[in-house]
Amino acid sequence: MSRPILRFAPSPNGRLHLGHAFSALFTWRAAETLGGVALLRIEDIDRARCKPEFDAGIREDLTWLGLTWPEPVMRQSERFTAYRAAAAQLGDLLYPCSCSRTEVATRAIAADPDGAPLYDGHCRRHPPAAGAAVQWRLKMDEALLQAGVPTISALPVDGTELGTVAAVRAADPLRWGDAVLVRKDTPTSYHLSVVVDDAAQGVTHVTRGADLLAATDLHVLLQRLLRLPSPVYAHHALVRDEDQHKLSKTKGSPSLESPRDSGTSAADIRVALGF
């Protein structure tokens, strides 16, 4: 059997916080338990928000935690050609959409699993005018007819049992509607790039937070459409603040740099997070 491969894939759009630290430590522990290796991948397709200083900060924080990884590190900003090829492979399953977020929200009568307004398929009925800036959406109904309903293999999050498959369940990608796979400002999206990169790196086990549990349903569908292998998934609980909100860069959650600068040791952080 090939060696298990896992990955930790942060975006350099801010400093890491305790939630990222937990996810990283969880991934490296899982790799050790499985007798595999943990990779670092930088997900920097958002060139407007991703900064070199945050990229360097990721390495600094992970090194401080005592984690190591093989070089070179994959960066999504260097892989746009691969994402364009994947989108082209989907062919007529993608269609152009010029709708703004405001327009989508105005017409929506439901929400996707992230709580965002669910797209109503307007541009499938009314194609954008020539020359309009467009994103490309997946024809979800046709994709499911072509691929069928995919299944998800999942691992328990108990580190002592990471070597066994806990469950196989049917995915429900329909709840994402006609998801955006190619954005207006870049030739990919999170959903498309992550499945392409996992396959390119031979990732066998994906460990990530429970906030991405629903996204897995869409990812396994894309893997089937693109004829890519599906990893085994483990979604761990999230680190939350005193108000039980998940930690977030955009909401200004304290960075991992803060306790380090105040004298907290990496060992203290590991103990506090259960490692």
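**Entry 1: two helices**

I looked up helix α7 (residues 190-200) and helix α8 (residues 215-225), which pack at an angle of about 60 degrees with their axes 10 Å apart. The model is a predicted one: I took local features only at pLDDT of at least 70 and side-chain atom pairs only at pLDDT 80 or more, while totals for chains, interfaces and linings use all residues. Residues are numbered from 1 along each chain as its sequence is written, and side-chain values use heavy atoms, with hydrogens and water left out.

Helices here are DSSP runs of H or I with at least four residues, strands are runs of E with at least two, and both are numbered from the N terminus. Axes are lines fitted to C-alpha atoms, for helices over the stretch in contact, and angles run from 0 to 180 degrees between N-to-C directions.

I noted α7 and α8 as oblique to each other; angles under 35 degrees count as roughly parallel, over 145 as roughly antiparallel, 65 to 115 as roughly perpendicular and the rest as oblique. The crossing of α7 and α8 is right-handed, meaning that the near helix is turned clockwise from the far one by less than a right angle.

For contacts (heavy atoms within 4.5 Å), I listed Tyr190, His191, Leu192, Val194 and Val195 in α7 against Ala215, Leu218, His219, Leu222 and Gln223 in α8. These residues divide into seven nonpolar, three polar and no charged. Nonpolar covers Ala, Val, Leu, Ile, Met, Phe, Trp, Tyr, Cys and Pro; charged covers Asp, Glu, Lys and Arg; the others, Gly among them, are polar.

**Entry 2: salt bridges**

I counted 21 salt bridges, each a side-chain nitrogen of Lys or Arg within 4 Å of a carboxyl oxygen of Asp or Glu.

One of them joins Glu60 and Arg15 (3.8 Å, N to O). Glu60 lies in helix α2 (residues 52-64) and Arg15 in the loop between β1 (5-8) and α1 (18-34), so this pair ties together parts 45 residues apart in sequence. I found Arg15 buried at 18% relative accessibility and Glu60 partly exposed at 41%; buried means under 20% relative accessible area, exposed over 50%, partly exposed in between (1.4 Å probe, protein chains only).

Arg15 also meets Glu257 in a salt bridge (3.5 Å, N to O). Glu257 sits in helix α9 (residues 257-261), 242 residues from Arg15. I have Glu257 as partly exposed, at 26%. A network of salt bridges links Arg15, Glu60, Asp61, Glu257 and Arg260.

I also looked up Asp55 and Arg75, whose side chains form a salt bridge (3.0 Å, N to O). Asp55 is in helix α2 and Arg75 in strand β3 (residues 74-75), 20 residues apart. Both Asp55 and Arg75 are buried.
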